[in-house]
Amino acid sequence: TAGSVILAGVLLKMGTYGFLRFAIPFFPDVAFSPAVTTIAVVLAVVGIIYGALVAMVQPDIKKLVAYSSVSHLGFVMLGIWAATLQSVQGALMVMINHGLSTGALFFLIGMLYERRHTRDIAAFGGIARVVPVFSLIFTLVSLSSIGLPGLNGFVGEFLVLLGSFGRVPWATGVATKRSGQRTPLKLPSSQNSTPLACSALASIVTIVAVAASLTSRGSLQLS
């Protein structure tokens, strides 16, 4: 469990951080060439769809979360190679929020495994009647990982889709480069960092609101 939490929270982001911090700034002409851009965007979308489809059929809850991480990192790659202000900031927010939500999911799954010694989803039917507070927290974290509006997972994915749509629209699952010259990726400066600050503030407000609602629920007690 500890290894899975560290993997989800830190290690999975090393590759995307390397692209954003080193590979693209060092070699912008190569990174944003039409061939490399198309390959990166196609692989990102394949990762999003393939990871989600494989996660849907997993009977093991830990494998389900692991394959869902493939989809989340696909959003990060899509946002980076769309190379707009919104998409890059959205990719950063996805990396941060994925570490929080997926790390929490692995932690909660570890708690279940220590007590039941199984990760089979079918073995946990009716768990809300036994541990309602745990089930409520697990549901909120799961919805956050899915990207439900109002929770922290929504902010980054929405920014990625908002910033990527005009630059790399999709018709039949294949990236098509928008007509016109692509501008190099520019990291946000202090004067245009307002969207990132608003996104971070929205995530903090959401987390505080969820924590306040959990602490105010006196009727939910462990059985």
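The chain has 6 aromatic pairs, counted where ring centres of Phe, Tyr or Trp (its six-membered ring) lie within 6.5 Å. Planes under 30 degrees apart make a pair stacked, over 60 edge-to-face, and the rest tilted. Y17 and F22 are edge-to-face because their ring centres are 6.1 Å apart and their planes stand at 80°. F26 and F27 also form an edge-to-face pair, with 6.4 Å from centre to centre and 90° between the planes. Ring pairs join Y17, F22, F26 and F27 into a cluster.

A word on the model before going on. This is a predicted model, in which local features need pLDDT of at least 70 and side-chain atom pairs count only at pLDDT 80 or more, while totals for chains, interfaces and linings use all residues. Residues are numbered from 1 along each chain as its sequence is written, and side-chain values use heavy atoms, with hydrogens and water left out.

Two arginines sit over rings. The rule here is that NZ of Lys or CZ of Arg must be within 6 Å of the ring centre and within 35 degrees of the ring normal. R21 lies over the face of F22, at 6.0 Å from the ring centre. The charged end of R119 is placed over the ring of Y113, 5.2 Å from its centre.

Now for the overall fold. The secondary structure comes to 9 helices and 0 strands, where helices (H or I, at least four residues) and strands (E, at least two) are DSSP runs numbered from the N terminus. Of the 223 residues in the chain, 39% count as buried. Contact means heavy atoms within 4.5 Å; among contacts in the chain with a separation of 6 or more, 76% are between residues 24 or more positions apart.

Axes are lines fitted to C-alpha atoms, for helices over the stretch in contact, and angles run from 0 to 180 degrees between N-to-C directions. A crossing is left-handed if the near helix is turned anticlockwise from the far one by less than a right angle, and right-handed if clockwise.

| Helix pair | Packing angle | Axis distance |
|---|---|---|
| α6 (residues 85-116) and α7 (residues 132-146) | about 145° | 9 Å |
| α5 and α8 (residues 152-165) | about 40° | 9 Å |

The crossing of α6 with α7 is left-handed. On the α6 side the contact is made by S101, T102, A104, L105, L108, I109, M111 and L112, and on the α7 side by F134, I137, F138, V141, S142, S144 and S145. By class, this contact has 10 nonpolar, 5 polar and no charged residues. For these classes, Ala, Val, Leu, Ile, Met, Phe, Trp, Tyr, Cys and Pro count as nonpolar, Asp, Glu, Lys and Arg as charged, and the others, Gly among them, as polar.

α5 passes α8 in a left-handed crossing as well. Here H72, F75, L78, G79 and A82 of α5 meet E157, V160, L161, G163 and S164 of α8. The residues of this contact divide into 5 nonpolar, 4 polar and 1 charged.

Next comes A83, in the loop between α5 and α6. A83 has a positive phi of about 60° although it is not a glycine, and at 7% relative accessibility it is buried. H117 is another non-glycine residue with a positive phi, of about 55°. H117 is located in the loop between α6 and α7 and counts as exposed, at 59% relative accessibility.

Finally, which residues does S4 touch, leaving aside its neighbours within four places in sequence? They are K62 and F106. S4 itself lies in helix α1 (residues 2-11) and is buried, with a relative accessible area of 15%.

Definitions and conventions. Buried < 20%, exposed > 50% of the residue type's maximum accessible area, 1.4 Å probe, protein only.
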